[in-house]
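Welcome! Here is a short tour of helix packing and pockets, meant to be read with the structure in view.

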Amino acid sequence: MNHICLLLSGAALLLNGLAALDLLPRRDAAVFSLVIGSTQLLLAVAYLGTACGDDGTAGGGGTAILLGAAGMFLFGLTYAYVGLDFLLGLGSRGLGWFCGMVAGCGLLLAAAWSAEDPLLAVLWLCWTYLWLLFFLQLALGIERLTPLIGWSLILTSQASATVPALLGITGRWPDGPEAPATAAGAAAALAALLLLAGYLAWRGRQTAARAAVVLSVACPDVSASALPGELKR
């Protein structure tokens, strides 16, 4: 079930990234996030129910089962909160602090998985970075991070969620001697994608700045509301 949750996360990350860049209505992404988050929470409960014994303790999987369930709950709660935050107009500050807490949990989960499953540890580091960006934007009010968040979500959604989910579903998740090398390759690929996201966000701001200069020269009396969205952030 954890691989199914990861597959759903790939879709949610992609749609939220598109919404951050105003390429998709934010309401659409919010509704989708709420649906995905609710589904993941139900799957997490079912996962614990089937993995734990009659006495309520984890069976043969032990700590791995509890760590897997913890990740499912963190993702599910995040997506559900994202959806409710927009649909109910909650203001996003609470969501930002929640993302900061989850980022801290992500570091702990990455450390916990580092020996047993290095690829999953690398993925948790990537997701922790994404949660940290949301904390900086929503809790601390650094709005200029919005383009970086959008591109980071879009570029890493498939590499950090969809592709690993398909590997797990098809029984091709790397383990054994090849696991460290696979994890190192994944870390390099994700780092490259995040650097590319930073470049695209920077280029977008530069393009918007040049457009604003041209607009101000051509139309000196233009109002601030007519400025490109990148500059108003």
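This is a predicted model: local features need pLDDT of at least 70, side-chain atom pairs count only at pLDDT 80 or more; totals for chains, interfaces and linings use all residues.

**Helix pairs and pockets**

The axes of α1 and α2 come within 9 Å of each other and cross at roughly 165 degrees. Residues are numbered from 1 along each chain as its sequence is written, and side-chain values use heavy atoms, with hydrogens and water left out.

**How to read the helices**

- Helices (H or I, at least four residues) and strands (E, at least two) are DSSP runs, numbered from the N terminus.
- Axes are lines fitted to C-alpha atoms, for helices over the stretch in contact, and angles run from 0 to 180 degrees between N-to-C directions.

**α1 with α2**

- On the α1 side, the residues in contact (heavy atoms within 4.5 Å) include Ile4, Leu8, Leu15 and Asn16.
- Their partners in α2 include Arg26, Phe32, Ile36 and Leu43.
- The contact of α1 with α2 has 12 nonpolar, 5 polar and 1 charged residues. Here Ala, Val, Leu, Ile, Met, Phe, Trp, Tyr, Cys and Pro count as nonpolar, Asp, Glu, Lys and Arg as charged, and the others, Gly among them, as polar.
- In the loop between α1 and α2 you will find Asp22, whose phi is positive, near 60 degrees, in a residue other than glycine.

**α3 with α4**

- α3 and α4 pack at about 160 degrees, with their axes 11 Å apart, and are therefore roughly antiparallel to each other.
- α3 passes α4 in a left-handed crossing.
- Leu67, Gly71, Tyr81 and Val82 are among the α3 residues in this contact, and Leu95, Phe98 and Trp113 are among those of α4.
- By class, the contact of α3 with α4 divides into 13 nonpolar, 4 polar and 1 charged residues.
- Ser92 sits in the loop between α3 and α4 and has a positive phi of about 75 degrees, although it is not a glycine.

**α5 with α6**

- The axes of α5 and α6 come within 10 Å and cross at roughly 155 degrees, which makes α5 roughly antiparallel to α6.
- α5 passes α6 in a left-handed crossing.
- The contact includes Trp127, Leu130 and Phe134 of α5 and Ile149, Leu153 and Pro164 of α6.
- This contact holds 12 nonpolar, 5 polar and no charged residues.

**Pockets**

- On a 1 Å grid over the protein atoms alone, a pocket is an open set of points where a 1.4 Å probe fits, with protein on both sides within 12 Å along at least five of seven lines, and lining residues have an atom within 4 Å of a point.
- The largest pocket holds about 530 Å³ of space; grid points are joined across faces, edges and corners, and a volume is the space filled by probe spheres set on the points.
- Its lining has 26 residues, with Asn16, Arg26, Val82, Leu95 and Phe134 nearest the centre.
- The lining of the largest pocket comprises 18 nonpolar, 5 polar and 3 charged residues.
- The second largest pocket has a volume of about 450 Å³, and among its 23 lining residues Asn2, His3, Trp113, Asp117 and Leu120 are the closest to its centre.
- α3 gives the largest share of the second largest pocket's lining, 6 residues.

Terms used: Angles under 35 degrees count as roughly parallel, over 145 as roughly antiparallel, 65 to 115 as roughly perpendicular and the rest as oblique. A crossing is left-handed if the near helix is turned anticlockwise from the far one by less than a right angle, and right-handed if clockwise.
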